Amino acid sequence: MAEGAAAGSKRVLSAQETETVFRRLSQHMPGRTPTAKGPKDQPDPFRSVISCLLSAQSRDVNTAAATKALFELATTPEGMRELSQETIAAAIKPCGLYNMKARNIERLCRFLIEELDGTVPATREGLMQLPGIGRKCADIVLSFTFGKDVIAVDTHVHRAANRIGLTGAKTADETARQLEAAAPKWALRDGHFWLIQFGKAVCLSRRPKCDACFLADICRFNAVTD
Ligand code: SF4
């Protein structure tokens, strides 16, 4: 197991503590299941990528409405490229930032067709070349659609990882980089699922349940640092 990227800081756990945290998470929280919902339960990589793009700063219910409306119009890069930006924007309006997202969808379809023969890449680097696709989206698609052992970092994972001291990062992308370096290999497959459930059930945003937490003796949330 590699040391955490920010190891050396008193806020960040040692490799041994990190191992203990993941071991306990694996014992207390549900991991990946065959029915785990991806972005967002789409049948092919193209629709997964588009669905993930639409989910940025959008509630699940609004993303679902936008996704459904758009996929009623087209489900392939070629089909979607036939649509005008205005048509795409009107369809995806429920998910917000619809003009920017429509522009990115148009550019993404063009890039896929012209540069990649319409095939969605199965690597992080490849996915992150696509307009509108950042690290979080790339990792979600890698994990859920391509079944890769990747800890995708959303707001719950970001909050929990930094409170515990698995990482010492200000942004979700930096948390993702540090987690990948710090987590034991055996934890990469289910780590996202353990941490997201932990963030929703125990390490809540406003009122973390520290008194009942099985990580309280290790957690750095209340640690005094220099
Ligand atoms: S002790 Fe509190 S802050 Fe730390 S991981 Fe548990 S719930 Fe979160």
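Predicted model: local features only at pLDDT ≥ 70, side-chain atom pairs only at ≥ 80, totals over all residues.
Trainee: How many residues does each domain bring to the contact between them?

Mentor: Domain 1 gives 8 residues and domain 2 gives 6, where being in contact means that the C-beta atoms of two residues, placed from the backbone, lie within 7 Å. On the side of domain 1, helix 10 (residues 172-182) supplies the largest share, 3 residues, and by class that side has 5 nonpolar, 1 polar and 2 charged residues.

Trainee: Why are helix 9 and helix 11 called roughly perpendicular?

Mentor: Helix 9 (residues 155-164) and helix 11 (residues 191-201) pack at an angle of about 85°, with 8 Å between their axes. Angles of 65 to 115 degrees count as roughly perpendicular, and therefore helix 9 and helix 11 are described in that way.

Trainee: Which residues of helix 9 and helix 11 meet?

Mentor: From helix 9 come His-156, Val-157, Arg-159, Ala-160 and Ala-161, and they meet His-192, Leu-195, Ile-196, Phe-198, Gly-199 and Lys-200 of helix 11. The residues of this contact divide into 6 nonpolar, 3 polar and 2 charged.

Trainee: What classes of residue make up the shell around the ligand?

Mentor: That shell has 10 nonpolar, no polar and 2 charged residues. Among the residues around the ligand are Cys-203, Cys-210, Cys-213 and Cys-219, together with Arg-163 and Lys-209; Cys counts as nonpolar, while Lys and Arg count as charged.

Technical notes:
Residues numbered from 1 in each chain as written. Helix = DSSP H or I, 4+ residues; strand = E, 2+ residues; numbered from the N terminus. Near = placed C-beta within 6 Å. Axes fitted to C-alpha atoms, helices over the stretch in contact; angles between N-to-C directions. Parallel < 35°, antiparallel > 145°, perpendicular 65-115°, else oblique.
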